[in-house]
Amino acid sequence: MDINAYKGVWVFAEQREGVLQKVSLELLGKGRELAETLGVSVTAVLLGDQVKDLAQELIYFGADEVLLAEDAMLKLYSTEPYTKVFSRLVKERKPEIVLFGATALGRDLAPRVSARVHTGLTADCTSLDIDEETKNLLQTRPAFGGNIMATIICPDFRPQMSTVRPGVMIKLERDESRQGEIITCPTDLEPADMNVEIIEVVKETKEKINIEDASVLVSGGRGLSNKENFVILDGLAKQLKGIVSGSRAVVDAGWIERDRQVGQTGKTVRPGLYVACGISGAIQHLAGMEESDYIVAINKNASAPIFDVADLGIIGDVNKIVPALEEALKQAKL
Ligand code: FAD
């Protein structure tokens, strides 16, 4: 393989029902940074049906170029047609880096594309950089249960492919003065490429909690002792106009739903304020929240590791401090 024939950074522009997923915009931000270091351009790859309007948005968020492939068979995500179109574009146009969001859809598509184009894939990267000397992509992700960070390279094959979880990278400001080119690509799909029939799409009716988008998170851990005590966080969250989240310990204990878990195997969050209540600060938890703007930690153990990342630490019983904080906030608003 002549790896020098591969140029440019690609981002898979994931859309669902014509709505661009936030992670794709975040990856365009990171893609721009990598592309500028390499002196190449950033391409967004947009697959769907009647999604042309989104192409301009991708340019406003940092793409130099958008490869647009529209087809009725790409309207709803289905593994085979998406893999076929994406893999063919990679083979024809030879990008050096391809980034996907580590969403349910991205996690399905990325490994299939990497297998078809015969290259490697690093899943769930938490940082991406360029090696100054070799120009290889440095793909960093937690390994061995999060106890070490491993930096993975793909020196002999191209493209270098990674998935990145939502909330890890930072999107650029939308800028309508950004210019770019929209290139329409044929899909060449045939009916035989659709090997599944989507009969009906049934959406989960439960209201979806998106802790990644919250500007304030009140997060609870095992220090709250039980499910009954855990509800005291609701009052504080309400006063702070925030959302309740938690550590894996409380999710495993069934005190809150899994979609509210912060950490390596949960969500990566970056709120303006993160209040950690009775959370020890295990490395796997810190991996998901240490980039928060302001961290308040409440813990009865002064040497709990959560205090190492906290901007403000309160040593004491969470069951007393949380209601007292809530009351103080109520009084302050009177
Ligand atoms: P504990 O570690 O039990 O801490 C409870 C804390 O509460 C202690 O610091 C204690 O001093 C304090 N406390 C007790 N009583 C009180 C009180 N009355 N007042 C104030 N403080 C009190 N964890 C995650 O959170 N997210 C993940 O995504 C995640 N992924 C993982 C992936 C792997 C592969 C592995 C191996 C582990 C993962 N974990 C994850 C688990 C992680 O290692 C910890 O076990 C977990 O974060 C601990 O949760 P905790 O802080 O709530 O509980």
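Let me start with the lining of the largest pocket, whose residues divide into 13 nonpolar, ten polar and 17 charged; here Ala, Val, Leu, Ile, Met, Phe, Trp, Tyr, Cys and Pro count as nonpolar, Asp, Glu, Lys and Arg as charged, and the others, Gly among them, as polar. Please keep in mind that this is a predicted model, in which local features need pLDDT of at least 70 and side-chain atom pairs count only at pLDDT 80 or more, while totals for chains, interfaces and linings use all residues. Residues are numbered from 1 along each chain as its sequence is written, and side-chain values use heavy atoms, with hydrogens and water left out.

The largest pocket is lined by 40 residues, and those nearest its centre are Arg16, Gln21, Thr103, Ala104 and Lys208. Strand 2 (15-16), helix 1 (22-38) and helix 4 (104-116) are the elements that give two or more residues to this lining, where helices (H or I, at least four residues) and strands (E, at least two) are DSSP runs, numbered from the N terminus. A pocket, on a 1 Å grid over the protein atoms alone, is an open set of points where a 1.4 Å probe fits, with protein on both sides within 12 Å along at least five of seven lines, and lining residues have an atom within 4 Å of a point.

Is each partner buried or exposed, or something in between? Arg16 is partly exposed, because its relative accessible area is 35%, whereas Glu14 counts as buried because its relative accessibility is 1%; buried means under 20% relative accessible area, exposed over 50%, and partly exposed in between, with a 1.4 Å probe and protein chains only.

For Arg116 and Glu80 the closest N and O atoms are 2.9 Å apart, with Arg116 in helix 4 and Glu80 in helix 3 (residues 79-93), 36 residues apart. Lys22, Glu26 and Asp213, for their part, are linked in a network of salt bridges.

Let me turn to helix 2. Which of its residues are buried? In this helix, which covers residues 52-60, they are Leu54, Ala55, Leu58, Ile59 and Tyr60. After helix 2 comes Gly62, with a positive phi near 125°.

Finally, some backbone details. Most residues other than glycine have a negative phi, and most peptide bonds are trans. His118, however, has a positive phi near 55°, and is placed in the loop between helix 4 and strand 7 (121-125). Ser225 also has a positive phi, near 75°, and sits in the loop between strand 13 and helix 5 (227-230). The peptide bond from Arg158 to Pro159 is cis, its omega being near -5°, and Pro159 belongs to the loop between strand 10 (148-152) and strand 11 (160-164).

Terms used:
A salt bridge is a side-chain nitrogen of Lys or Arg within 4 Å of a carboxyl oxygen of Asp or Glu.
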